[in-house]
Amino acid sequence: MLKPTNEQWNLSNPVYDIKCPDNRYGTLFGCCIRKKNNYLAISARHAAPSEPIGPGVVYLYKNSEIKVIESPTPSLGDRFGISMALGKKYIIIGSYRDNKNNGAVFIYDLNGSLIEKIKPDSHYFGYNLDYNDEYLIVGCYEQNKVFIYDKDLNQKIIHGEGRFGRSVKIFNDFFLVGATWQNAVHKYDFTGKLISSYYSEHMGYGSSIFKNSKNLIVGAYDSNRVLINGKIVQGGRMFGGSVYGNEEVVIVGSAQSNSAGIYDYKGNQISYYKSDDEYYGYSVFANDQEIYVGAPMAAKVFVYKNGG
């Protein structure tokens, strides 16, 4: 594929794409993407050895090596890999339909060895999560709960309402929780104490969250929009279902429109692309060097670099 010729992010010209490395059925490869240091994790939440919809797998890349991580207790439709986080020593994987839809979160080392399975029997546990090497935060929006785990996996539970726990995001010494039926984002410390709440008039506010040192981006995908530091940016269907940023830009996915856009933190559009690949924009990830966009129905992940 051609490289971008301009000296900025350009979604119409990926540097390369990553295809599902094996021929499993029903893969949905690219439904979640995370990268840290030399490790890249891409999940395929429906991957199966033979059936149309399987339990799901995670592919962990390090340079040219690929490890395939599978659930130790696989069952049809577990959605293993619906959510992920990469730490210095561990990869954390959510599987919200494991254990008869109660859900589970699996902790593996970076060699792919299972360390721990967490399953508190709370419906849809593991739909989303975040991890910062000190704390693990797990959302369980069907029961309006968020679980806080420390390094020793001591557990605290905080309760809310209105699909509380639909999204979670750790930043420094606090974390944010989306509650999409409240159109709200709530801020907590790691003791579970509520610090503040942000309410919005935009339907689905809190469906996705990204936070860095100066910026807050919140998706409101029922309204097909995101708020970038409070500025409304409108998009296609399911716009704001996925957001991620680096220090300069934020990438926003719009899976039902097969599209994604890159914006600066004033809300100005830098690049936009509508793809022929189905569900392009379902998942996104960014660091300072690269942007990744998943198209799970096409079983591809597209990789972009600033200026090529």
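Visitor: Which residues are linked in a network of salt bridges?

Guide: This is a predicted model, in which local features need pLDDT of at least 70 and side-chain atom pairs count only at pLDDT 80 or more, while totals for chains, interfaces and linings use all residues. Residues are numbered from 1 along each chain as its sequence is written, and side-chain values use heavy atoms, with hydrogens and water left out. A salt bridge is a side-chain nitrogen of Lys or Arg within 4 Å of a carboxyl oxygen of Asp or Glu. The network of such bridges links Lys-35, Glu-290 and Lys-305.

Visitor: How many salt bridges does this rule count?

Guide: One of the pairs is Asp-277 with Lys-300, whose closest N and O atoms are 3.4 Å apart. By the rule, the count comes to eight.

Visitor: Is Asp-17, the partner of Lys-19, buried or exposed?

Guide: Lys-19 and Asp-17 form a salt bridge, with the closest N and O atoms 2.8 Å apart. Buried means under 20% relative accessible area, exposed over 50%, and partly exposed in between (1.4 Å probe, protein chains only). Lys-19, at 49%, is partly exposed. Because its relative accessibility is 19%, Asp-17 counts as buried.

Visitor: How many residues apart are Glu-134 and Lys-151?

Guide: Their side chains meet in a salt bridge at 3.4 Å, N to O. Glu-134 lies in the loop between strands S10 (128–131) and S11 (136–140), and Lys-151 in the loop between strands S12 (145–149) and S13 (155–159); strands are DSSP runs of E, at least two residues, numbered from the N terminus. The pair links distant parts of the chain, 17 residues apart.

Technical notes: Helix = DSSP H or I, 4+ residues; strand = E, 2+ residues; numbered from the N terminus.
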